Amino acid sequence: NVGASKITDAGDMYAWGETYTKNDFTWDNYKWCKCNGDGQYEYLTKYVTEEHYYQHFKDDLATLEASDDVATAKWGNQWRMPTKEEFEELMDKCSWDRVNFDGYVCHKVTGPSGKSIFFVAEWPEWLYKSHYYWTSTLDEDWNQDAYNFCTYYYDTEMQSYSRERGHLVRPVTE
């Protein structure tokens, strides 16, 4: 994960489309949001595909540009955040087994090629009960959200989640 020093570290959390970490994740401090004087959400300023009465424009960007992809910003041009479809392929076409790795319960995900990756299934309780990983894919039906991949101890799912929130990032490379 971006910001992790080893496989069992969670790493840093980022809002969708931001390349820096922060302590507080709100609409008021989200890079792509215009808020009013009270810090309340007014409208989005980038990644807008839907037309609503409160939006001031539409740019039809549904996937993060490289300049807004934290994986590219932190790890270099060969790295990027995975798409919603890539995480769905991981869920649908790979085998998932729970294993012990370095004292942590992990999901070992093995693809058709026989290669594997690990997702920590259970960090200490004080840290996370579930693990959310951003995709690079905007929710085109509700632009305030982007898709994230969620792993639980026993399950995985794709969710649409408010993009100003902080989640983990698991980069991919070609």
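Author: A salt bridge is a side-chain nitrogen of Lys or Arg within 4 Å of a carboxyl oxygen of Asp or Glu. The model discussed here is a predicted one.

Reader: What makes K84 and E88 a salt bridge?

Author: The closest N and O atoms of K84 and E88 are 3.3 Å apart. The cut-off is 4 Å, and the pair therefore counts as a salt bridge. Both residues lie in helix α2, which spans residues 84-93, and they are 4 residues apart, about one turn of the helix.

Reader: Why is K84 called buried?

Author: Buried means under 20% relative accessible area. K84 has a relative accessibility of 18%, so K84 counts as buried.

Reader: Why is E88 called partly exposed?

Author: The partly exposed class lies between the buried limit of 20% and the exposed limit of 50%. E88 has a relative accessible area of 24%, and therefore E88 is partly exposed.

Reader: How many salt bridges does the rule give in total?

Author: The count comes to 8 salt bridges. One of them joins the side chains of D68 and K31, with 4.0 Å from N to O. This pair links distant parts of the chain, 37 residues apart: D68 is in the loop between β2 and α1, and K31 is in the segment before β1.

Reader: What makes D60 and K58 a salt bridge?

Author: Their closest N and O atoms are 3.8 Å apart, and the limit of 4 Å therefore includes the pair. K58, at 37% relative accessibility, counts as partly exposed. D60 lies in the loop between β2 and α1. The phi of D60 is near 60°, a positive value in a residue other than glycine.

Reader: Where is Y47, and what is its phi?

Author: Y47 is in the loop between β2 (41-44) and α1 (70-75). Y47 has a positive phi of about 65° although Y47 is not a glycine.

Reader: How do you know whether Y47 is buried or exposed?

Author: The relative accessible area of Y47 is 0%, which is under 20%, so Y47 is buried.

Reader: What can be said of A10?

Author: A10 is found in the segment before β1. A10 has 9% relative accessibility, under the 20% limit, and therefore counts as buried. A10 and P112 are 102 residues apart in sequence and 26 Å apart in space, C-alpha to C-alpha.

Reader: Which elements does the whole chain contain, and in what pattern?

Author: The protein chain has 2 helices and 10 strands, and along the sequence they follow the pattern β-β-α-β-α-β-β-β-β-β-β-β.

Reader: Why is the chain called as compact as a globular protein of that length?

Author: The radius of gyration of the protein chain is 17 Å, close to the 16 Å that the globule rule gives for 174 residues, so the chain is as compact as a globular protein of that length. Buried residues make up 47% of the 174 residues.

Key:
Residues are numbered from 1 along each chain as its sequence is written. This is a predicted model: local features need pLDDT of at least 70, side-chain atom pairs count only at pLDDT 80 or more; totals for chains, interfaces and linings use all residues. Side-chain values use heavy atoms; hydrogens and water are left out. Buried means under 20% relative accessible area, exposed over 50%, partly exposed in between (1.4 Å probe, protein chains only). The radius of gyration is taken over C-alpha atoms; the globule rule is 2.2 Å times the number of residues to the power 0.38.
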